[in-house]
Amino acid sequence: MQLKKLASFLVVLASLVTASVSAFAADPENTMIITLKDGDVTIALRPDLAPKHVEQIKKLVRQGAYDNVAFHRVIDGFMAQTGDVKFGNMKKGFSAEAVGTGGSDLPDLPAEFSQTEHYTRGVVGMARSQDPNSANSQFFIMFAPAPPLDGQYTIVGNVVGGMELVDHIKKGDQADNGTVTDPDRMVKVRIAADK
């Protein structure tokens, strides 16, 4: 009997989480669309978890700062990292040596770590240095769950469409911390409300 109750509870919990993410995806102001070489990836941004981070991402999107920015660090079975708008733009100023070390002209952000959300497949998190308050413009998309990241990196969204396209992003060299030679890029990034 207890097992049935637990199973029912888990089904209800899963449907609530799915409904919550779907509700955010339905909000065009908080939906980011990344065009890759093979098509569009749709991300439901989570201002409920990280309002300052989401605001900064949307500001950078609306400036066109993420267009043509490389996926400079991609580790198979872990994540794909992008968003270095200073050194990662493959059409202007790309630096293979410096990509991954830059941010934007906007200030770094104070951590907005969630204790309730988890790093699972399709979660989008903010990259940072050792300093928890150093996230700026770089973010990563999870290929698989990574519990050690929970509560350590700010979650800003979830992929709600096109995850199979994320799976096809060119992978980097495992021996070189996922560094990608001739990387794929975000061709264009926009907020759905800005059609």
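A salt bridge is counted here when a side-chain nitrogen of Lys or Arg lies within 4 Å of a carboxyl oxygen of Asp or Glu. The model is predicted, so that local features need a pLDDT of at least 70 and side-chain atom pairs count only at pLDDT 80 or more, while totals for chains, interfaces and linings use all residues. Residues are numbered from 1 along each chain as its sequence is written, and side-chain values use heavy atoms, with hydrogens and water left out.

We can begin with the charged residues. Side chains of opposite charge can pair when their charged atoms come close. To describe how far a residue is covered, we call it buried under 20% relative accessible area, exposed over 50%, and partly exposed in between (1.4 Å probe, protein chains only). D184 is buried, at 16% relative accessibility, whereas K37, with a relative accessible area of 53%, is exposed.

By the salt-bridge rule, the structure has nine salt bridges. In another of them, the side chains of E29 and R62 meet with an N to O distance of 2.9 Å. Since E29 lies in the loop between α1 (2–25) and β1 (31–36), and R62 in helix α2 (residues 51–63), the pair joins parts that are 33 residues apart in sequence. E29 is partly exposed at 29%, and R62 is also partly exposed, at 41%. Salt bridges link E29, K58, R62 and D194 in a network.

The aromatic residues come next. A pair of aromatic rings is described by the distance of the centres and the angle of the planes. Rings of Phe, Tyr and Trp (its six-membered ring) pair if their centres lie within 6.5 Å, and planes under 30 degrees apart count as stacked, over 60 as edge-to-face and the rest as tilted. A search of the whole structure finds three aromatic pairs. In one of them, the rings of Y119 and F140 have centres 5.8 Å apart and planes at 25°, so this pair is stacked. Both Y119 and F140 are buried. The rings of F140 and Y153, with centres 6.1 Å apart and planes at 80°, form an edge-to-face pair, and ring pairs thus link Y119, F140 and Y153 into a cluster.

Finally, we turn to the nonpolar residues. A nonpolar core is a set of buried Ala, Val, Leu, Ile, Met, Phe, Trp, Tyr and Cys residues joined through side-chain atoms within 4.5 Å. The largest such core has 35 residues, of which M32, I34, V41, I43, Y66, F139 and M186 touch the most other members. Helix α2 supplies the largest share of this core, four residues. A second, separate core of 11 residues includes L49, M79, M142 and L149.

Note on methods:
Helix = DSSP H or I, 4+ residues; strand = E, 2+ residues; numbered from the N terminus.
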